[in-house]
Amino acid sequence: MTINASGWRPERPETNADTAPATFTGNRALMLDEPLIFEVGSTETTGVDLAEVPAGTSRLGGLERARAIGLPGLSEPETMRHYTRLSRQNYAIDLGLFPLGSCTMKHNPRLNEKMARLPGFADVHPLQPVDTVQGAFGVIHELAEWLITLTGMHSVAMSPKAGAHGELCGILAIKAALDAKGEGARKVILVPESAHGTNPATAAFAGYAVENIPASDAGRIDTDALLARLGPDVAAVMITNPNTCGLFERDMKTISDAVHAVGGFVYCDGANFNAIVGKVRPGDLGIDAMHINLHKTFSTPHGGGGPGSGPVVLSAALSPFAPLPFVVKQSDGKFALIEEESAGDDHPHSFGRMVAFHGQMGMFTRALTYILSHGADGLRQVAEDAVLNANYILRSLEGTLSAPFAASGPCMHEALFSDDGLAEGFSTLDVAKGLIDEGFHPMTVYFPLVVHGAMLVEPTETESKAGIDQFIGALRSVAERAKAGDASLKTAPHFAPRSRLDETQAARKPVLVWREPVLAAAAE
Amino acid sequence: MRYLPLTDTDRQAMLATIGAATIDDLFVDVPEAARLSGPIAGLPMHASEMAVERHMSALAAKNVAAGSVPFFLGCGAYKHHVPASVDHIIQRGEFLTAYTPYQPEIAQGTLQVMFEFQTQVARLLGTDVANASMYDGSTACWEAIGMARRITKRAKAILSPGLHPHYVSVAKTMAKYTGDALDTATPTLDDDFGIDALIAKIDGETSCVVVQYPDILGRIADLTALADACHANKALLIAVVTEPVALGAIRSPGEMDADIVVGEGQSLGVGLQFGGPYVGLFGCKDKYVRQMPGRLCGETVDAEGKRGFVLTLSTREQHIRREKATSNICTSSVLCALAMSAHMTLLGEAGLRRLAEINHLGAAAAADRLAQVPGVEVVSNAFFNEFTLKLPREARPVVRALADRGILAGVSLGRLYPGDGDLANGLVIAVTETTTQDDVEALARALAEELA
Amino acid sequence: MSRYFTQDHEWVDVEGDTGTVGITEFAQGQLGDIVFVDVPEAGKTLSKGGDAAVVESVKAASDVYAPVSGTVTEGNAALTDSPALVNEDAEGQGWFFKLTLSDPSELSGLMDEAAYAAFVAKQ
């Protein structure tokens, strides 16, 4: 069997002895525990005043609900309290530096939220006659123009709903292009072993066999190995640039040229675009498709796990295969929507529709607002400050934590450390949990897989120097404790709303919905 | 620039620590030829909040907002009143700017919301379990078809004619890569949901039957016989719900023994938003949970024995299984799930049932009023809050003409099924609690004038 | 009865032409708490070195390969309710599946207990 290389293994948490005095409520001052709505709400309670039910006979065809649903309700004050209390158990960008590598946790400007809520954007239906939504199409078109110009590409597919969805779009466009050339026999996609899991998952979905390209000792693709593997069976190469080790792939253009020479395509995972936006155009490096995470580079909110948005910029070779629908500007200046019906003779090669309606309009308004706020000069400064902040962290901590690629030159927007040098029995996980007590969300851990016990730190550009200095001090302190074998780290975090949770039990005996507890008395 | 905290003094100090002379030295790995020498030419420079607001407001002003005119569009996205609190809840920075809860000790807020959402959705859909959301209803639908293929190891999926044409289009696109063979058909402009015709198509090669409930023309039907027929042939029944408010009035597909129930949660909490972001719902029977795509939150305890929540069954997902994952999906739509969950909490069961009643009876009254317009026939006998009219001529130009008069008169079937002569006179009307009697009257009068 | 080991940390006990397959004590230690085991169904044909089962901990899913070729006769049903058996008794009660060997000569390429112990010592 294969044994996973990352070094992570699950451990049941050791029981902590709690020495603080007990409270009647179980609360600890401002740390308020909050039950589930099912435990405090009632099916009879409602926090909404509804109109009188109009007169009339129902015509539900005999399908009237007979059974109860089991949905609890709360009054408005109770509802606000419930969610406010829950929100206070979350770390967030608004609270502090969020160093998750490859996630680009930058500040989410509130102007974005204000603009997205303008009724002209928030209260329009996707199927309204196109004359009544020209402004909405205008937003999509304007954002598309920015993305094309920033990346130096030919067109952009706006409809994918997230980064992984965008990857799928790019790979399917590549497949359509190859099929159109009669090259459907190409069955292999090459993916660096440091790639994010969505890359091989996407390639496999599209029916390709995934082959890994090893990383060199310097943390980049082993270019020789990749070039040696190229052949007529290779459909595409998927490359992240800057890569998941936080380094710029110097040989990108060479690789692109070589892949094109054998008739393949280059897909670029744009998750790390924040390092180069406004400084480098990926189109100049020969790529054919790249998804852009609007929720990373362009500040649309992460929201606790989506929604995201993943438009895909495309080369001239791939543009004819872009999915439906998309917006075009006509010669009279008005916008039209190209759907299945209007694809007709102009866009007969589209590989099809990926999603109902037009895509993540709410994210488009936010991203366009962000882009207009920064402008070309501001965006360039974004990349510069992001890279500066990451290098500052790298150089400040390379004496404390092992930084496997620090000697080979600067990093881009993220700094990579490993668990080499931590005391026996101490892991990256312990460093992460220790950092929580210091008031920070941990960095990305155990990714990329090519480094043992990886710690990937991405500060982004929206951090002050003072904030970064504090973070450096905190990580240095925790790392020193881990190197010294400080046992209190094994039971960290001590100050969070919860201590380490038993993920093994959650997986062995999944409890995914709330069920009415069987009362001991009733069970007798 | 207001979002960039570093000063030039800071930058100099940091460069000194790094040991670099300029920031461009840090970009040394970028080939010279690819390095841009300055901001990209032809693009505007940075702008103040005021300037950006002006620009975006001008674009917004070019759109006709649903709330500003009589409005009757549905077909997969519905206008409902979202209580004011919901928007405040989702704008709390700890929800808005939080990340996926991979460090559960400091993400119990998001995780508990996910757990509550999963429970609410499972109960609403009538399934044993539900996940923490998908991108939207259309992607949830094709993922369900893929899941049925994995479970049954068969590849023939029968899609009901009543399934939203965009959802069908998405499924057809994806089927090209998954090897699923899809049996599809366009609907007929009548009252027939098509249960018998679907049953007749099921055989030993069928992986699943996919129905929409209520369907694209607003029709509803008992799915029990269809579920039985599927199971007799060891196939799965997948039900798609694009209007969850309906489930406040009619039986859930899970109750009728559907195996997988997916849908679009947009109606509750999310708003029209011109098509996205929305929130995909995905529920299924317990025995299929390991085949379900998407994130799942589970209950557990911490080291002190306190109840807590964590992401679980992660080994189905791409970041672990990579090429063997159940799906390539990475993110979900948690902020929209929070909005839906908060809206459902504010409504409660009694509120949802009453809201559904108001929707249904309002729609019934509107149907009766529109049936009085000369030449207009109401096609649907049983429906929830959406029904179909048959006009004496093509509906699509009528919709455009009415839009010019300031009425957004529903979705013509010509828009959804262009070129289909049998459907061209069809017009789908949605009525919710936001529709007033005046709105209905305005539509009826304008329709009468237009058709005269 | 003879026990053989692979370099991928699977073991197979052979009696006649019946084999019982599992993962080694060393492997379970490396994986940590096992939460789920996906065992093959009876009747499935396996090739030596090909995918046979999947063993999952919370954050990793590891492929288990068939040490020899054959047809599966039984998957260990006890693992459905108690995946922890793999941690507690990997080389006994935590067996994954039984199969009928199609080519016993394949066994000659595997290690015996002593050779495997030496192999593990070098890991």
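Q: In which sense do strand β4 (residues 206-212) and β5 of chain B pair, and over how many bridges?
A: This is a predicted model. In chain B, strand β4 covers residues 206-212 and pairs with β5(B). One facing pair is B:Q212 and B:V240, the latter in β5(B). The pairing is parallel, over five bridges.

Q: How many of the six residues of strand β5 (residues 236-241) of chain B are buried?
A: Take the two faces in turn. One side carries B:L236, B:I238 and B:V240, all buried. The other carries B:L237, B:A239 and B:V241, also buried. The count for the strand is therefore six of six, with 20 or more other C-beta atoms within 10 Å as the cut-off for a buried residue.

Q: Which are the edge strands of the seven-strand open sheet in chain B?
A: The order of the strands is β1-β7-β6-β5-β4-β2-β3, and the pairing is mixed. An edge strand here pairs on one side only. The edge strands are β1 (129-130) and β3 (181-183) of chain B.

Q: What is the bridge partner of B:V129 in β7(B)?
A: Strands of a sheet pair through backbone hydrogen bonds, either parallel or antiparallel. β1(B) and strand β7 (residues 280-284) of chain B take the antiparallel sense, over two bridges. The partner of B:V129 in β7(B) is B:C284.

Q: At about what angle does helix α6 (residues 137-152) of chain B run to β6(B)?
A: Helix α6 lies across β2 (156-159), β4, β5, β6 and β7 of chain B. Its angle to β6(B) is taken between N-to-C directions. The value is about 165°.

Q: Is B:A157 buried or exposed?
A: B:A157 sits in strand β2 of chain B. Its contacts beyond four places in sequence include B:I145, B:A148, B:L182 and B:V210. The C-alpha atom of B:V210, 53 residues away along the chain, is 7.5 Å from that of B:A157. Because B:A157 has 28 C-beta neighbours inside 10 Å, it counts as buried.

Q: Why is chain A called as compact as a globular protein of its length?
A: Chain A has 15 helices and 12 strands. The globule rule gives 24 Å for 524 residues, and the chain comes close to that, so it is as compact as a globular protein of that length. Its radius of gyration is 26 Å.

Q: Of contacts in chain A between residues at least 6 apart in sequence, what share joins residues at least 24 apart?
A: The C-alpha atoms of chain A fill a box of roughly 75 × 70 × 50 Å along the principal axes. Of its 524 residues, 60% count as buried. The share of these contacts that joins residues at least 24 apart is 74%.

Q: Which helix gives the largest share of the side of chain A that touches chain B?
A: The contact takes 180 residues from chain A and 165 residues from chain B. By class, the chain A side has 84 nonpolar, 61 polar and 35 charged residues. The largest share is 22 residues, and it comes from helix α11 (residues 361-397) of chain A.

Note on methods:
Residues are numbered from 1 along each chain as its sequence is written. Chains are lettered from A and ligands numbered from 1 in the order in which they are written. This is a predicted model: local features need pLDDT of at least 70, side-chain atom pairs count only at pLDDT 80 or more; totals for chains, interfaces and linings use all residues. Helices (H or I, at least four residues) and strands (E, at least two) are DSSP runs, numbered from the N terminus. The radius of gyration is taken over C-alpha atoms; the globule rule is 2.2 Å times the number of residues to the power 0.38. A residue is buried if 20 or more other C-beta atoms lie within 10 Å of its own, exposed if 12 or fewer, and partly exposed in between; C-beta atoms are placed from the backbone. Two residues are in contact if their C-beta atoms, placed from the backbone, lie within 7 Å. Ala, Val, Leu, Ile, Met, Phe, Trp, Tyr, Cys and Pro count as nonpolar, Asp, Glu, Lys and Arg as charged, and the others, Gly among them, as polar. Two strands pair if DSSP finds at least two bridges between them. Axes are lines fitted to C-alpha atoms, for helices over the stretch in contact, and angles run from 0 to 180 degrees between N-to-C directions.
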